[in-house]
Amino acid sequence: MKIRPIRETESSIAKAIKNRDREEKEIYSDIIKGYQVLINSLKETKGKSNSLRQSLMSNLSPSLDVGSGNSEKINKLNEDLRETYKKLTLANEAVTKLEKENEELKKKNETFGAENESMRVVLTDLKEKVEIRTKELNACKAENELLNGKIKELKQDNTLYFKKIVELQEEVVQKMNDANQLYEEASKLKQDSILKNHDEYGVSNSVKPGLDLSSMINDGYFKIPSKTRHSLFAHSKEAMCLTYTSQGSNIASGGGDGIIKIWDVEQGKEYGSLAKQKKSITCLKFSPDDQFLASCSLDRTIKLWKIQTMREAISFSGHSDNINSCSFSYAAKKLITASSDRTIRLWDFVKGVATKTFPCTSACYTIDNLPAETEIISGHLDGTLRIWCAKNEEKIHEIKDLHADAITSVTMSANGNYILTNSRDHTLKYIDIRKYEEVAEFENDMYINGSNTNRSTMNSTATYGAVGSSHGNVIIFEIKGESIEVEEIYPDYHSSCINSIQWQPGASSFASIDASGSLLIWD
Amino acid sequence: MEEDIAPNYEIRRKNFQGTLPVQIRLDYSEIYIDKELPTYYIMQPRMSYFFLLIPQLIEFYSELLEGKGISNDEYWFSCRGEPLRFDLPIGVLYDTFIRENSSHDNLPFKICLHYHKFPTYSLQKGMSKYIFQQSLKESSMMRVGKATAVQDRLEHVRSMLNSIKEGKYDDFWRYNEEIGEHSLSQLKYFPVRIVINRHYHPYMLKEEKDSIKGNAFVIQRPVKVDATDICIGEYLAKTLSKYFFIQTEVIVDEDNIEEEKQNEVEVVERSIKGTEVIVNGLDIDLDTSLTWLIMNLSAQDNFLYITVRVPSESIE
């Protein structure tokens, strides 16, 4: 490409610049410069006027100050006014609030007043009621006093009546005894003629009144029975009573089913059973010559059985309540029974009637006597022990409150000096009969006397004894002089309450029966 | 290269001192005032920027503008409704928008000052502080490949702006000597900016043209210097091939018919008749040396601004 030479361009451009400047610059520059000058002067004048104004303002300062001061004051006052207005509004608001609260409180007050009124009314009502009640109370109290007085009188009457009853009873008994005596005398005449012929009802005098048990001391080692030799299921219901023959070879047991069974001790087998009675047997006793067995039952009859024939010989009746215990009074040839009708009766098995009645003030649960002796010991419901003479047929002595509760069994020692009593207060007491003193007492946690006819027993030498607890524990204890101590306790053999234990006469074994009807022979 | 082209200081000086009369009014559509405010007239050098006027204008219109809390960044100028770019010198803006056919209605350069609704779609707010030094760096990069000459002398920028505003040639060139004075051998690229009086790229589709709002479109296309000088026409033909093309003519030298040397001469022709090429308000022939132009007629940021005015009725 061909480029124009520089000199040419320079010259042409120089010309062009000139033209341009002429058109654009020169025409206008003067005017605009003048304009700018005017503007500047205007600016200056503006500035001057401003400064003049300011100086004017400052010259006028005193009055302006005053004016400003005034204006300041005015402002202040305005502000104060505003503030006071504000305060006024606040105060107004507070006033309205308080008024509202006041109204609310008034309303509350009214409601409270109304409540108060209602409460007052209720209060007066209650007060009236209280008065009525107190009146009633007083009336009741007065009645109460009257009734108390009446009770006292009645009690006094009661005691009087009681005394009278006792007297009457005695009279009745006396009359019965008299009647008996008359009967006896009347029948004596008969007897003399019949006696020689009717030997079977008589008791052979040749037979010793029982073996002298005290002589039957085992020489040598006395072994405490430790295990059951035989465990027999005796009765379907509970086994109530138990007795050994005087030689200890047989046991008779009576139960709630009314059956009396006789067992062989050695073999542990049933020897025989007597006829079933309607009600349960409460007590059994062999006669000292083992010919007869006396049984008492809940039908208030006593039956005498002849063992050889296994048949009933005589039946006595006359008690008016349960017969709890029986015993043979050999010396007087009579049967003694103790009953809950508060009498002890002597029955003559020849005549077949009760010859003597001992009244006692309390139900008698147990009696014991030695066949050779004339003394009868009886234990009663009120815890007294009474001693009677069979011969004279009168009460010798009574030990009152021997036990805290009913005496359930009385056992005489073989020498007749000591008694072991068993009571519902779960204690056993060993009593000296001659002195009427308590020698020893036995108490044990394992021993609980559960029935009114729980029997305890001693061995023939009165050194050891056994008692059964209502838990089924068999407790064997040793009687040493002043104390009774536990020898052994066998808890697991019996499953229920033990009703009776009897020590085998002349041996170191015993038998026990319990409420489940089982008979255990120990060895 | 024919000869070492040296700058012509006369022309440079004369060029630098070219001024334009500017008339500034406020935009009355957006202000509410009972009296009419005076218009502001000032002679501004062609090699200056409009944003340098803003402080004076605020002071002049202080009744309206002062104390309203309008930041300097809110002000912008417009000419005939079009927002004016901050980064173009006043002379370039005038050439692009107004100067046509030397009509006398063109002067003074009537512009409007606004302080509402900054047209963020076409102008960048708050960048006027950095325009001058940015352009200096760009031109320096194009000229010598690095901008260190400017970077090391940033503190001179403000004084350069001052001298621009006042039209002080000597002060300006004292600073600019190290930055903007280069010979052809030193140049790597020609720092040229073409400004077209269209606000869209010439190759844009017609549908896109309507969607764009803007003002004078600037094409900045550096041309690599290969130690040979080129004329402005050739440059324009390369850059704006839509408007300029090279035509090869065969010139027959009548004197030397026997030699039958057919000199093929390449001439740059305008594709649209009436297309003007203006630099600093001067019509330039298309075969003028580009290097000479760069040395003498560069603007204050060392770019050569070539205004190409395409007639508006032409078919695009």
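## Chain A at a glance

Of the 523 residues in chain A, 41% are buried (under 20% relative accessible area with a 1.4 Å probe, protein chains only; over 50% would be exposed, and in between partly exposed). This is a predicted model, where local features need pLDDT of at least 70, side-chain atom pairs count only at pLDDT 80 or more, and totals for chains, interfaces and linings use all residues. Residues are numbered from 1 along each chain as its sequence is written, chains are lettered from A and ligands numbered from 1 in the order in which they are written, and side-chain values use heavy atoms, leaving out hydrogens and water.

Chain A has two helices and 28 strands (DSSP runs numbered from the N terminus: H or I of at least four residues for helices, E of at least two for strands).

## A sheet in chain A

Four strands of chain A line up as an open, antiparallel sheet in the order 2-3-4-5. At its edges are strand 2 (239-244) and strand 5 (269-273) of chain A, each pairing on one side only. Pairing here takes at least two DSSP bridges between two strands.

Strand 3 (residues 250-255) and strand 4 (residues 260-264) of chain A are joined antiparallel by five bridges. Look for N250(A), which sits opposite D264(A) in strand 4 of chain A.

## A sheet in chain B

Chain B has an open sheet of five strands with mixed pairing, ordered 2-1-5-3-4. Strand 2 (40-45) and strand 4 (82-83) of chain B each have a single partner strand, so one side of each lacks a neighbour in the sheet.

Strand 1 (residues 19-26) of chain B runs antiparallel to strand 2 of chain B, with six bridges between them. P21(B) has M43(B) as its bridge partner in strand 2 of chain B.
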